[in-house]
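Open the structure in your viewer and keep the selection tool at hand. The stops below say what to select next and what is there.

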Amino acid sequence: MRRHARDAAAASATDLTARIAGTMHAVTARIARGRGDEPRRRGVAPSEPSGDVRLDEWMGVALDEARAAPAHGDVPVGAVVVEIGTGKVVAARHNERERAGDPTAHAEILAVRDAALALGRWRLDGYALVVTLEPCPMCAGAAWASRVDAVVFGAADPKAGAVGSLYNLAADPRLNHGPAVTAGVRAAEAAAMLREFFAERRT
Ligand SMILES: [Zn+2]
């Protein structure tokens, strides 16, 4: 019985990875088309429903994390690390750059570190990094280094995004592996939170 459950979880993980990979190809194709039409606009595809209830749920946890950041003056970005097969969230953090005075204290870095500590290993294959804003080069690097199978993000970041907007470290053939990427999951909510934060700071 337990073995059966494990097999089912493994099958489910494979299925999700395949679906995420499919989405990634679709997003990549849209980005390529967008670039062809508008060479100066190097954005990720616009927000649209992911069509996957699990991704939406995981992003909900990341969005809740993000909401805690402005209390200490930090930009609202939240990240979670999730076991793909079971949906178990093993780490959830938000941006703490201002609070910690640490340029590397981005939500993704903190979540990846927490996950590795919790699991007692650096390799996070079988896990997904889910983050409200497209990872920057440092965090895309952390996703690569941790070997997560998937990166799921909300809002695109045209100023620093490194999994589609400015760079795509997740799909660079010069790197020996890369996570599947799903862009635009609950992007409108993530973007609204960021807009509100910066609008309040300006007033
Ligand atoms: Zn980052």
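**Stop 1: helix H6 and its cover**

Select helix H6 (residues 187-202); what covers its buried residues includes helix H2 (53-66), S3 and S4. This is a predicted model, in which local features need pLDDT of at least 70, side-chain atom pairs count only at pLDDT 80 or more, and totals for chains, interfaces and linings use all residues. Residues are numbered from 1 along each chain as its sequence is written. Helices (H or I, at least four residues) and strands (E, at least two) are DSSP runs, numbered from the N terminus.

H6 has 16 residues and reaches 23 Å from its first C-alpha to its last, close to the 22 Å expected at 1.5 Å a residue. That expected span is 1.5 Å times one less than the number of residues.

Which residues of H6 are buried? They are Ala187, Ala190 and Met193. Seen down the axis of H6, the buried residues fall within an arc of 140 degrees, so they line one face of the helix. The arc is that of the directions from the helix axis to the C-beta atoms. Now select Ala192, Arg195, Glu196, Ala199, Glu200 and Arg202: these are exposed, on the other side of H6. A residue is buried if 20 or more other C-beta atoms lie within 10 Å of its own, exposed if 12 or fewer, and partly exposed in between, with C-beta atoms placed from the backbone.

**Stop 2: the sheet**

Select the five strands of the open sheet, whose order is S2-S1-S3-S4-S5, with mixed pairing. Two strands pair if DSSP finds at least two bridges between them. At the edges are strand S2 (89-94) and strand S5 (180-182), each of which pairs on one side only.

H6 packs on this sheet, touching S3 and S4. Contact here means C-beta atoms, placed from the backbone, within 7 Å. The direction of H6 makes about 55 degrees with that of S4; axes are lines fitted to C-alpha atoms, for helices over the stretch in contact, and angles run from 0 to 180 degrees between N-to-C directions.

**Stop 3: strand S3 and its partners**

Select strand S3 (residues 127-133), where seven of seven residues are buried. Strand S1 (residues 78-83) pairs with S3 in the antiparallel sense over five bridges, and Val81 stands opposite Leu129. With strand S4 (residues 150-155), S3 pairs in the parallel sense, over five bridges. In S4, Val151 is the bridge partner of Leu129, and Val152 that of Val130.

Methods: Contact = placed C-beta atoms within 7 Å.
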